[in-house]
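Reader: I am new to reading protein models. Please take one part and look at it closely with me. Which salt bridges are there, and what surrounds them?

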Amino acid sequence: MVFNKIDAFLGKLLEVIITICLSATVVITFLQVIFRYVLKQPLSWSQEALMISFVYSVLFGAALAIRNRDHLTVDMMENAPKLLSKILEIIEFIVVGIVIVVLLYFGYLLVMDNFASGQILGILPIQKAYVYLAVPLSALFMIYYHIKKVFT
């Protein structure tokens, strides 16, 4: 029961984050076009803000796709014997799990290195580490949903 509530909360949280990020992307892009072509005064910060919102929406969207099992699949072996299909499923689970763990590990290192260096984005006074933070955070969601596949 508690597990279902946590799962529902995390799913909603991801959906809200993605909705906010994609909405920000649309609004900022619209403003960028208006300011650049109508008012002839381009926004200096818009490219960086778009990059941040796009990065977060893509990475958290990938985690949501794992939750919903919406990632692209190849059905080349769908008519294979049951034993072979099961072996391939296990191999797929292990490979995807390894990729997610690598993403988490190196994303964490990247974030820690950038916090230590204190690098900021070009125009926005935001440390690059906060942009890169999307990598390990989304990897945590991915691991959660990937492991959850075993139990559902």
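Author: Start with a term. A helix here is a DSSP run of H or I with at least four residues, and helices are numbered from the N terminus. Keep in mind that this is a predicted model.

Now take D7. D7 sits in helix α1, which covers residues 2-38. Is D7 buried or exposed? Buried means under 20% relative accessible area. D7 has 11%, so D7 is buried. Leaving aside residues up to four places away in sequence, D7 touches Y144, Y145 and K148.

One of those contacts carries charge. Side chains of opposite charge can pair when their charged atoms come close. K148 and D7 do this: their side chains form a salt bridge, 3.1 Å from N to O. The pair joins distant parts of the chain, with K148 in helix α5 and D7 in helix α1, 141 residues apart. K148 is buried too, because its relative accessibility is 16%.

Helix α5 runs over residues 134-151. Its 18 residues, at 1.5 Å a residue, should span 26 Å. The end C-alpha atoms are 26 Å apart, so the two values agree. Buried residues of α5 include F141, M142, Y145, H146 and K148. What covers the buried residues of α5? The cover includes α1, α2 (46-68), α3 and α4 (128-132).

Back to the charges. The whole structure has four salt bridges. One of them pairs R67 with E15, with the closest N and O atoms 3.6 Å apart. R67 lies in helix α2 and E15 in helix α1, so this pair ties together parts 52 residues apart in sequence. R67 is partly exposed, at 27% relative accessible area. E15 is partly exposed as well, at 29%.

The side chains of E89 and K86 meet at 3.9 Å, N to O. Both residues lie in helix α3, three residues apart, or about one turn of the helix. E89 counts as partly exposed, because its relative accessibility is 47%. Salt bridges can also share partners: K12, E15 and R67 are joined this way into one network.

Finish with the surface. Helix α3 spans residues 82-117 and contains V99. Exposed means over 50%. V99 has 52% relative accessibility, so V99 is exposed. V99 belongs to a nonpolar surface patch, along with residues including V74, M76, L88 and V95. The patch has about 960 Å² of accessible area together.

Terms used. Residues numbered from 1 in each chain as written. Predicted model: local features only at pLDDT ≥ 70, side-chain atom pairs only at ≥ 80, totals over all residues. Heavy atoms only, no water. Helix = DSSP H or I, 4+ residues; strand = E, 2+ residues; numbered from the N terminus. Buried < 20%, exposed > 50% of the residue type's maximum accessible area, 1.4 Å probe, protein only. Contact = heavy atoms within 4.5 Å. Patch = residues over 30% accessible without salt bridge, like charges linked within 9 Å, V, L, I, M, F, W, Y side chains within 5 Å. Areas by Shrake-Rupley, 256 points an atom, 1.4 Å probe, with all protein chains shown as cover. Expected span 1.5 Å × (residues − 1).
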